[in-house]
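Trainee: I've just opened this one and would like to learn how to read it. Where do we begin?

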Amino acid sequence: MTVLAKCLSVPRGWHRPLVANAALMFTPTVVSAVGLLVDDRLLLGESIWVKPMKFGFAMGVYGLTLAWLLSKLSKGRRLGWWLGTVFAVAGLLDVGAVAYAAVHGTVSHFNNNDEPVAETVRAVFNVGVAPLLLITMIIAVLVLIQRTGDRAMSRALRAGLGLAIAGMVVALWLSNSAGARTVTDANGDPVSMNGGHGIGDPDGNGMFLTHWSTTGGDLRVPHFVGLHGIQVLLFITAILGALAARHGWLGDERVRARLVGVAALGYSGVFVVLTWQARRGLPVTRLD
């Protein structure tokens, strides 16, 4: 049995297309990690393999989360299945476009060049990006109208999906955060850019591994924090559930739900502050 077949068969009840999507997403993550070691080509000051590695890992984790979440729905399960399937395809297209640009040593996002690779990537993004936000919003509504676990889990899922939507909306600002300019790709060719992830320094980087900017504001920071808030809140919920066996006062699900609510409020505050600071041109390494 192949690795992919194993992923499709377990765990039972999970959304299979999203599980397959996660398996495919983790594959470029591993390939890109190897690429970091054997390919010395640089793009905007970082290895050409950094972006597909990060995108593949993030999309894989998020896809697994949705695969599990959709198995918890009691209402709208059929709609949820189709939404998850479209999400899996759109996610695969988006990460595939990022990897495709990386292999060719050129920029995937904000690339306005009139050449085949850039035009292909733009076409894929035009089709694949919007469904990710729209589908997350619809799934959030499905979660809001039903119980998907105890009170603590329901609160974590609702707050987490809200944060994910906010994180995706922040990403929409990226295209408007910098003006037109010309950069050089890994092949030494000029690339006409319009937009960027940085405020003050549109293509800034510097942090280890993430390459978030240390020279200006970077909207990728709140984008990442918002998108993965659901995993953080579910982790907190799981810890509280495990501690309930030892601490009787945590046995009351209302208490756990309140604690998850406090964590969600605090996490949302962090997200808002990071967004505000990035918009003001301050790097995450120098918050005031």
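Mentor: Let's begin with what an angle between two helices refers to: axes are lines fitted to C-alpha atoms, over the stretch in contact, and angles run from 0 to 180 degrees between N-to-C directions. Keep in mind that this is a predicted model.

Trainee: Which residues of helix 8 and helix 9 make the contact?

Mentor: From helix 8 they are Gly 229, Val 232, Leu 233, Ile 236, Thr 237, Leu 240 and Gly 241. Helix 9 brings Arg 256, Leu 259, Val 260, Ala 263, Ala 264 and Tyr 267. By class, this contact has nine nonpolar residues, three polar and one charged.

Trainee: What about helix 7 and helix 9: at what angle do they pack?

Mentor: Helix 7 (residues 220–227) packs with helix 9 at about 165°, and the axes are 8 Å apart. That angle makes helix 7 roughly antiparallel to helix 9, and their crossing is left-handed. Val 221, Pro 222, Val 225 and Gly 226 of helix 7 meet Tyr 267, Phe 271, Leu 274 and Thr 275 of helix 9. Six of the contact residues are nonpolar, two are polar and none is charged. Notice that Tyr 267 is listed in the contact with helix 8 and in the contact with helix 7.

Trainee: Let me try one near the start of the chain. How far apart are the axes of helix 2 and helix 3?

Mentor: For helix 2 (residues 16–38) and helix 3 (residues 50–70) the axes are 7 Å apart, at an angle of about 160°. So helix 2 is roughly antiparallel to helix 3. The two cross in a left-handed way, and their contact holds 17 nonpolar residues, six polar and no charged ones.

Trainee: Which residues does the UniProt annotation "transmembrane region" cover?

Mentor: That comes from an unreviewed UniProt entry, which puts the label on residues 18–38, 53–70, 82–103, 123–145, 157–175, 225–245 and 257–278. Residues 123–145 are 96% helix and 0% strand, with the end C-alpha atoms 35 Å apart. Residues 257–278 are 100% helix and 0% strand, and there the end C-alpha atoms are 31 Å apart.

Trainee: And what should I look for in the backbone angles?

Mentor: Most residues other than glycine have a negative phi. Phe 110 has a positive phi, near 70°, and sits in the loop between helix 4 (77–103) and helix 5 (116–144). His 211 also has a positive phi, near 60°, in the loop between strand 5 (198–199) and strand 6 (217–218).

Trainee: Is Phe 110 buried or exposed?

Mentor: Phe 110 counts as buried, because its relative accessibility is 18%. His 211, at 16%, counts as buried too. For another case, take Arg 280, in the segment after helix 9: at 39% relative accessibility, Arg 280 counts as partly exposed.

Definitions and conventions
Residues are numbered from 1 along each chain as its sequence is written. This is a predicted model: local features need pLDDT of at least 70, side-chain atom pairs count only at pLDDT 80 or more; totals for chains, interfaces and linings use all residues. Side-chain values use heavy atoms; hydrogens and water are left out. Helices (H or I, at least four residues) and strands (E, at least two) are DSSP runs, numbered from the N terminus. Angles under 35 degrees count as roughly parallel, over 145 as roughly antiparallel, 65 to 115 as roughly perpendicular and the rest as oblique. A crossing is left-handed if the near helix is turned anticlockwise from the far one by less than a right angle, and right-handed if clockwise. Ala, Val, Leu, Ile, Met, Phe, Trp, Tyr, Cys and Pro count as nonpolar, Asp, Glu, Lys and Arg as charged, and the others, Gly among them, as polar. Contact means heavy atoms within 4.5 Å. UniProt positions are given in the numbering used here, feature names are shortened, and annotations may be inferred rather than shown by experiment. Buried means under 20% relative accessible area, exposed over 50%, partly exposed in between (1.4 Å probe, protein chains only).
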